[in-house]
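Thanks for coming. I will show one structure and go through a few of its details, and you can follow along on the screen.

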Amino acid sequence: MFDLDEFIAYIQAVGAAKLFRIFWFFVVFEFFRYVFIDFVVLISWRVKQYYDKDKLNDARAQMEFENPLVSIIVPGKNEGKHLFKLVKSLREQTYQNFELIVVDDGSDDDTPTIGKTLEKNGFIDLFIRNSVRGGKASAANLALRFTKGKFVVHLDADCSYDRDAIEKIILPFYMDEKVGAVGGNVMVRNYRESLVTTLQAIEYYDTISIGRIVSSHLGIYRIISGAFGAFRKDVMDKIEGWDIGPGLDGDITVKVRKIGYDIKFAPDSVCLTSVPNTFKKLSRQRLRWDKSIIRFRVRKHSDVFKPTQNFSLLNFFSFLENITYNIILNIKWYVYVIDMLFNFVSQIKFIFVANIFLYTASNYLKYIFFYPFRPRQNAPFAYFLPYLPLMVFYFGYYLRIVRTIAYIKEYFFKASYKDPWNPIKTSNKAKEIGI
Amino acid sequence: MSKDLTSKPLFGENFVEHDGYRYYIMKDHDMVNLSELIAYDAIIIEGTSAKLIEERVSNIRKNLNQAFFLIPVFVLKGNFSLPIYVEELIDGSIFSIDQVNLVTPIVHKIHLRNNEVTINTALSYEAQLISKTLTYMYSRELNQLNAQLHPNSGIGFTFPILSVNFEPKEEFRVLEILEIAEKEGVLISEFHDRTHLCSQCHTGFLAYRECCPKCGSANSESQDIIHHFVCGFVGPISDFQNEIDDQLNCPKCTRTLRHIGVDYDKPSVLHECFNCGHKFQDFNVRAKCVTCTFDNDVQQLIGREISNYTMSKKGEMAAINGFTSTSKDIEDIIGTVKLDTYRTMLKYEIERIRQTDGKSNICAIHIANSGQLYSKIGSDMQKSLLKDMVELVRRNIRSSDMITFYDSSTILLSMNDIPLKVGQNIISEICALIEKLLKTNFNDLEVDINYNIKRINFKLSNELQIQQVIKDFYPDV
Ligand SMILES: [Zn+2]
Ligand SMILES: [Zn+2]
Ligand SMILES: [Zn+2]
């Protein structure tokens, strides 16, 4: 059916112009933007890091001198089973001047008992139990209300943290006083568990992590992962905490940006998380994430595109880049598929294979060339190599389809308001006033 | 009954006689030794204050000697009322001494029943108290021993005739004794109430406070936490309040909160400690002991059931035939003889002296604070205390001399064929040794030892000589 010689002959036969015409999507979006630009930015980031060496040392000295109180907040429902492991791992942190506040958001398991016991024994500074669930935002806000620290670090109970994670996530605040929030680097702990988790590990490792280094360096970094983020307390007070989710991780950073603060990514502040281990669970998670892009970027914060008095060029670009990457790119891909089907239908077989080949090659290129820029491995270098070709299907088809479904559901049906992730009472109110 | 209730009472200096019964009139602040009361059939306490009366009645009723604690007691009342538990310890009140003819039938009945009872001779304090309680109940035809709330009781409840034997601080032992009595089948319990006692001193006068789990301070304030759905703001209600009106406005989105459950709710309550600033949701309930000031965690408190008791048929039989405990009695202590044996031997000695003009002595050692002491230590320790005492006495007297227990706090011994003076020296030395020994063996227990020694008089009976040697040990009331 498929003949390799025929394929090579075909490639040789078409000229450069024709090749671009056929593989424009790959050349423009994939290679130029996500290999070439990223690589250039990464080099520039390294150079800057080199020249900022003294500044980093000063920042570290300043932080050590000041020894600020860090308020670690852990909101969540039914997280009791993870709490003891979490407090034990926090005791291992190199930075120890922190208070730990846990909010139990209406758990229906033995979380209250566990939390209260840990509080009684001094492992948790404050344990607050909400007998009725209010949703992640309200739980985080409740915790925030009782923080005493200069910085607030938001953690997930089921994640684990490198020994120097807290120290490293606070450090950027001392590098630049315009920094209002810092995102930690989330890596996949259970990457060996199943094919799904392995593919996600590569995604976190290659796209998310590297992507965030790049966007942070460009000043357009936009999502602080809910599993690990640090905020200046005074900034949080100004923006009055989290608004209701889903997608509050992205929402809070927009709010921080809007009042004129920078957001930084701290690649060397590492947190390990367990990702969904089946495609079904992963789909559910991604549908929620993708819906929130529409709900928060397009709907709630659309004013970023309007030239109002708070207009910021960086915010504009950050949004533009975000929307381009997520929405426009998604639409463009369908345009490309249609373009190919209509204009090159006879060669579609070759084009399909060639695309896979090109993407795979670029994946290997990225994997190898970006290697020196990664702060830390969570798996042996060779472990992911055999899986890289599969990433084409994971990224190019699976995630794209999920994303499309999410966008349609949210844009036309406002599906996120029905998400059980939030209590109905809060979703109803949010929908009523259109946020 | 041939008694003539209308006959006129006969007045003496400090007594009144009616119908063959002699009533001792105990005047205000007039101290009298219990032993002097033995000649009377009943006591009338004249008092100006309830407190003084309570004190005197208690002194009579807590004595271990049957001759005293069963004696009918009446109160000549002034214009004050007695607490109910004191009323339970007396046999009636009169309002003038002329009314003595009204109570004579009561005295008569009590004496009839007193003649029926047998007091137990067991050494164990628990057994003695059970026996005391049963005989008193029988003597007064009481079937019930009920718990009464009582502010001055160490455990908050008093069983008057039993509790009178204890200082408030030791009153928790009343519950132990009742438990034993129930196990022995002489009392039948019925649930009445439940109480909690201090883990340190076992008293029940506790001040419960809701405390900060961190520092234990009771100085705190509570606030509702409000969650505003629309903006996700969560905070104490004070964040939403203003000084002008009663409206609640969200500090984050300025919207007015209108309807609980629709636009806001109250997911929790938070308390703030003013002492250490700690914020918390669950108070630590602590119980401070008013007696010893120990601040108990409520989980530490000793929970006890308080019951009311009914005397069983077996209890009644025990009052009549003497109560013998199967579980708590202290068996014969090595080196002693039974009281009856001692009596017989004394009789022979008196006879021998009459014929040989010898010089022999009868001698008694008495633990003056035995009630207080035993109520504190329990029967196991009481037994080893008595053992130690006997052992020491035995080592310091001749092997031909005899030792016996007159009661649980009094030892009788013979010192034959030695002059009184020598005997006195020996006995005083023994007592000093006993005090020292008990102090070291029992953790600084204050033991108050009295002794008495008398030369045997061949003109007097053995029983009378025994009474004479122990007579001085009775307290004043
Ligand atoms: Zn609000
Ligand atoms: Zn406190
Ligand atoms: Zn106490």
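Is Arg286(B) buried or exposed? Arg286(B) is buried, at a relative accessible area of 18%. Buried means under 20% relative accessible area, exposed means over 50%, and partly exposed is in between, with a 1.4 Å probe and protein chains only.

Before going on, some ground rules. This is a predicted model, in which local features need pLDDT of at least 70 and side-chain atom pairs count only at pLDDT 80 or more, while totals for chains, interfaces and linings use all residues. Residues are numbered from 1 along each chain as its sequence is written, chains are lettered from A and ligands numbered from 1 in the order in which they are written, and side-chain values use heavy atoms, with hydrogens and water left out.

Back to Arg286(B). Its side chain meets that of Asp297(B) in a salt bridge, 3.7 Å from N to O. A salt bridge here is a side-chain nitrogen of Lys or Arg within 4 Å of a carboxyl oxygen of Asp or Glu. The pair links distant parts of the chain, 11 residues apart: Asp297(B) is in strand β17 (residues 295-297) of chain B and Arg286(B) is in strand β16 of chain B. For these elements, helices (H or I, at least four residues) and strands (E, at least two) are DSSP runs, numbered from the N terminus. Asp297(B) is buried as well, with a relative accessible area of 16%. Through shared partners, salt bridges join Arg209(B), Arg286(B), Asp295(B) and Asp297(B) into one network.

Cys198(B) is buried at 0%, and Cys289(B) is buried at 2%.

Now the two chains together. Contact, meaning heavy atoms within 4.5 Å, involves 26 residues of chain B and 29 residues of chain A. There are 3 salt bridges between chain B and chain A. One joins Asp243(A) and Lys252(B), at 2.8 Å from N to O. On the side of chain B that touches chain A, β14(B) gives the most, with 4 residues.

Last, a pair within chain A. Lys233(A) forms a salt bridge with Asp237(A), with the closest N and O atoms 3.7 Å apart. Both are in helix α9 (residues 233-239) of chain A, 4 residues apart, or about one turn of the helix. Lys233(A) is buried at 14% relative accessibility, whereas Asp237(A) is partly exposed at 43%. For the overall count, the structure holds 34 salt bridges over all chains.
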